Amino acid sequence: MTTTPDVAGDPHAGLDPARLRHPDSVKWALHPEGVIPMWIADMDYPVAPVILDALRARLDRSVGYPGDPRELRAALKDKLAAQGLTDLPDDGLAFTPSVVPGIYSAINALTTPGEAVVTMTPIYHPFHLATTEQGRRSVGVPLKEGEDGYEINWFGLDNAARNARLLLLCHPHNPTGRDWTPDELDRLRDIVVKRDLFVVSDELHADLRYADTPFEAFAADPKVRARTVTLTGPAKAFNTAGLGIGAMISHDPRLIARLKTGLMGHESALSRTAWQAALEGGTPWLQDTVAYLRGNRDFMTAYLREHLPWVKFFPVQATYLQWLDLRAHPRAHDIQTFLLDEAKVAVHPGPLFAPDAQKSLYEGFVRVNFATSRPLLEEALTRMRDTLNRDLP
Ligand SMILES: Cc1ncc(COP(=O)(O)O)c(C=O)c1O
């Protein structure tokens, strides 16, 4: 029996769609009223009070050109050191207007047109766009479906790496929610050294993990430091995507100098304030949020196993984005449209996460954002159950 959500004491039980649905939120504004949006990676929760207080104080002071973000840099360096990025030189860290410009800039600076950029697919779609829009080749190596979860296709990856210049790593992985283990990271490091690749390690979801073990950055191992650019930011964990800020990190400051061009522009004063407040005082809020998300993940897992047992999935180890295999459904080829039209639930379609040549591999998959209240999650799952099961053969 699936337990119904226990709303007593649930801090988010009262989230109100009428309030969330506002033109300021693309997540809620894109679809007509009545649709539950579970697509773009925003959480429905209010921003941490510690961030709001810091923003208000900042607005009272100044939003002119900001000074050197010395305190933000120091707080971030402490955090990165705890993830294994110790001994980072000051000029090995530069702030960016968000993470995605760092991906574009790295591809532009570290590869030349026509060169291959390798990723493990399915993958966060701007990885492909940043590659192909700049005339590089996006080579996706599909993850394998193992007994207990998605696994790296080591042979395929090593093979693709032979003729590539750059590996775009998503750690933890969006959209499968894999949290790469230290052993997997070691094997990846061996491949990039053997094949002499640069690595961009997008670690934006690092704070949204459900394991109790500490997060290990890809560049924690000195042997890959000089070839790696790590990207991070507060947008996912602290739900501040609209403020826009990220950081590019490398133990080789020359890489940062190549990536940080004037074209990139600069992060806003408010985003700096928000990130600093998050780093200095946001941990209790983050822990509560991850605990709530874990509860949602577990609720969704139990619900799907009970009511939609034909849906294949591995409960995510990180992120609030659940990857579902609905290929057994007769409408698998346009399952996202079906869910939108019939269940009034908006999800991301699987093919979005693949390069052109591989789109058909992910037909019938969807990515579901479960970072909402437990009651809204239950309502969305109930709608999915009622519509998806109705049309089963
Ligand atoms: C892996 C990954 N990288 C980058 C981004 C976007 O980051 P930003 O908004 O800071 O550009 C996302 C957003 O979902 C993401 O999942």
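This is a predicted model: local features need pLDDT of at least 70, side-chain atom pairs count only at pLDDT 80 or more; totals for chains, interfaces and linings use all residues.
1. Aromatic pairs. The model holds 10 aromatic pairs. In one of them, the ring centres of Trp 323 and Phe 365 are 5.2 Å apart and the planes meet at 15°, so this pair is stacked. Planes under 30 degrees apart count as stacked. Trp 323 belongs to strand S11 (residues 321–325) and Phe 365 to strand S14 (residues 365–369), so the pair ties together parts that lie 42 residues apart in sequence. Trp 323 and Phe 365 are both buried.

2. Trp 323, Tyr 362 and Phe 365 belong to one aromatic cluster together with Phe 353.

3. Charges over rings. Two arginines are worth a look. The charged end of Arg 189 sits over the ring of Phe 218, at 5.5 Å from the ring centre. Arg 374 lies over the face of Tyr 292, with 4.7 Å to the ring centre.

4. Helices H12 and H14. Two packed helices are described by the angle and the distance between their axes. For H12 (residues 283–307) and H14 (residues 374–390), the axes come within 11 Å and cross at roughly 20°. That angle makes H12 roughly parallel to H14, and the crossing is right-handed. An α-helix has 3.6 residues a turn, so residues three or four places apart point the same way.

5. Helices H4 and H11. The axes of H4 (residues 70–82) and H11 (residues 269–281) come within 9 Å and cross at roughly 45°. H4 is therefore oblique to H11, and H4 passes H11 in a left-handed crossing. Glu 71, Leu 72, Ala 75, Leu 76 and Lys 79 make the contact from H4. Their counterparts in H11 are Arg 272, Trp 275, Gln 276, Leu 279 and Glu 280.

6. Helix H7. Which residues of H7 (residues 154–162) are buried? They are Trp 154, Gly 156, Leu 157, Asp 158, Ala 160 and Ala 161. The cover over these residues includes strands S3 (116–121), S4 (137–142) and S7 (164–170), along with helix H8 (182–194).

7. Ala 57. This residue lies in helix H3 (residues 49–61). Ala 57 has 34% relative accessibility and so counts as partly exposed. The C-alpha atoms of Ala 57 and Thr 273 are separated by 9.4 Å, although the two residues are 216 residues apart along the chain.

8. Pro 11. This proline is found in the segment before helix H1 (17–20). Its relative accessible area is 64%, so Pro 11 is exposed; the cut-off for exposed is over 50%. Between Pro 11 and Glu 33 there are 24 Å in space, C-alpha to C-alpha, with the two 22 residues apart in sequence.

Conventions
Residues are numbered from 1 along each chain as its sequence is written. Side-chain values use heavy atoms; hydrogens and water are left out. Rings of Phe, Tyr and Trp (its six-membered ring) pair if their centres lie within 6.5 Å; planes under 30 degrees apart count as stacked, over 60 as edge-to-face and the rest as tilted. Helices (H or I, at least four residues) and strands (E, at least two) are DSSP runs, numbered from the N terminus. Buried means under 20% relative accessible area, exposed over 50%, partly exposed in between (1.4 Å probe, protein chains only). A charge sits over a ring if NZ of Lys or CZ of Arg is within 6 Å of the ring centre and within 35 degrees of the ring normal. Axes are lines fitted to C-alpha atoms, for helices over the stretch in contact, and angles run from 0 to 180 degrees between N-to-C directions. Angles under 35 degrees count as roughly parallel, over 145 as roughly antiparallel, 65 to 115 as roughly perpendicular and the rest as oblique. A crossing is left-handed if the near helix is turned anticlockwise from the far one by less than a right angle, and right-handed if clockwise. Contact means heavy atoms within 4.5 Å.
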